[in-house]
Every structure is written in structure tokens, then in C-alpha cells.
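Me: I have a structure to go through with you. Can we take it piece by piece?

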Amino acid sequence: MAELDRALEGLICYSEVYADLAGVQCAQETARWLAGRLADHFLKEETGVFAALSQLGSEHDVFARKMQREHREISLRVESFRKAAESFVEAIDLQQSIGDLQDAGKSLSSFMAAHMGAEEQRYTRLR
Ligand SMILES: [Fe+2]
């Protein structure tokens, strides 16, 4: 996620004819990787860790359900990010496309970081 954040920050549109687009390829690769692997990771987490958490009591069950809802939200944000990254090749308005890609990437990155932080905090409490 930190690498993605740096790549998104590096996307700068200087004018309509020149832009530093080094981060676009990184964003596209990240989007494809996430779109291809996240669903399987979520399924394993939900049927394994979350199912076990739910057995530990109502507080943990509420947390597991919240994390599961967040998985759906992350999936939606990944799809928005993937679309922004893939449509970049056909972009007419470069500045708008850079803005859309940065917004989608940062929205995904911050939401995922908060989600993973909440899970890690919970798992640490249970160790
Ligand atoms: Fe998760």
C-alpha cells in the first residue's frame, strides 16, 4: 500500500502535452493484482478467522460482521480503482484521468489500511 501511495503521489500533470506518468503502470499492476487475489483472500478470512471469532462471543461476532461488510466495500473500491487504472490508456482528459486515478487509489489505500489496522489490533488483543 505504501508503494501504491508513492506511485499515486508521483502522478503529476504538468500540462496537456506532458505528464509524469511513471506511477500509472504501478497503479495498473496493483489494481490487477488486487482484483485477481482479494476475493479469495477475503473468502478464506471470512470462513476461517471470522467464523472462529464469531464463536468467541457477541462483541467479536459484531466485529467479524463489520469486517465482512468492509470486505464488500473494499471490493467496490478495488473495482473503481481498477476501472480508473485500465481506462487511463484511452484517456482524453489527462488531468481528469490522473485525478480520478489518484482519488480512487487513495480512497482504496486509506480504507484498506484502516481495515487491516483494525483486524491486526483485534488479533493482537486475542493473542
Ligand atoms: Fe479483512
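Reply: First a definition: a residue is buried if 20 or more other C-beta atoms lie within 10 Å of its own, exposed if 12 or fewer, and partly exposed in between, with C-beta atoms placed from the backbone. This is a predicted model, in which local features need pLDDT of at least 70, side-chain atom pairs count only at pLDDT 80 or more, and totals for chains, interfaces and linings use all residues. Residues are numbered from 1 along each chain as its sequence is written.

Me: Ok. Is alanine 39 buried, exposed or partly exposed, and why?

Reply: Alanine 39 counts as partly exposed because it has 13 C-beta neighbours inside 10 Å. It is found in helix α2. Alanine 39 is 35 residues from isoleucine 74 in sequence, and their C-alpha atoms are 10.0 Å apart.

Me: Which elements does the chain have, in what order?

Reply: From the N terminus the order is α-β-β-α-α-α. That is four helices and two strands. Both kinds are DSSP runs numbered from the N terminus: helices are H or I with at least four residues, strands are E with at least two.

Me: What box do the C-alpha atoms fill?

Reply: Roughly 60 × 20 × 15 Å, taken along the principal axes.

Me: How much of the chain is buried?

Reply: Buried residues are 20% of the 127 in the chain.

Me: And the contacts, what share is between residues 24 or more positions apart?

Reply: Among contacts with a separation of 6 or more, 58% are between residues 24 or more positions apart. Two residues are in contact if their C-beta atoms, placed from the backbone, lie within 7 Å.

Me: Which residues in the largest nonpolar core touch the most other members?

Reply: Of its 15 residues, those are Ala27, Ala31, Phe81, Ala84, Ala85, Leu101 and Ala104. The elements giving two or more residues to this core are α1, α2 (22-54), α3 (58-86) and α4 (94-126). A nonpolar core here is a set of buried Ala, Val, Leu, Ile, Met, Phe, Trp, Tyr and Cys residues joined through C-beta atoms within 7 Å.

Me: What does phenylalanine 81 touch?

Reply: Not counting residues up to four places away in sequence, phenylalanine 81 touches Ala31, Ala104, Gly105 and Leu108.

Me: How do α3 and α4 pack?

Reply: At an angle of about 160°, with their axes 9 Å apart. The axes are lines fitted to C-alpha atoms, for helices over the stretch in contact, and angles run from 0 to 180 degrees between N-to-C directions. That angle makes α3 roughly antiparallel to α4. The cut-offs are under 35 degrees for roughly parallel, over 145 for roughly antiparallel, 65 to 115 for roughly perpendicular, and oblique for the rest.

Me: What about the handedness of the crossing where α3 passes α4?

Reply: α3 passes α4 in a left-handed crossing. Left-handed applies if the near helix is turned anticlockwise from the far one by less than a right angle, right-handed if clockwise.

Me: Which residues of α4 are buried?

Reply: Ser97, Ile98, Leu101, Gln102, Ala104, Gly105 and Leu108.

Me: What span do α3 and α4 have, against the expected one?

Reply: The 29 residues of α3 should span 42 Å at 1.5 Å a residue, and its end C-alpha atoms are 42 Å apart, which agrees. α4 has 33 residues and reaches 48 Å from its first C-alpha to its last, close to the 48 Å expected. The expected span is 1.5 Å times one less than the number of residues.

Me: Switching to α1. How does it cross α4?

Reply: The axes of α1 and α4 come within 10 Å and cross at roughly 155°. That makes α1 roughly antiparallel to α4. This crossing, with α1 passing α4, is left-handed. On the α1 side, Leu4, Asp5 and Leu8 meet Gln102, Gly105, Lys106 and Ser109 in α4.

Me: And alanine 7, buried or exposed?

Reply: Alanine 7, in helix α1, counts as buried, with 21 C-beta neighbours inside 10 Å. Leaving aside neighbours within four places in sequence, alanine 7 is in contact with Gly23, Cys26 and Ala27.
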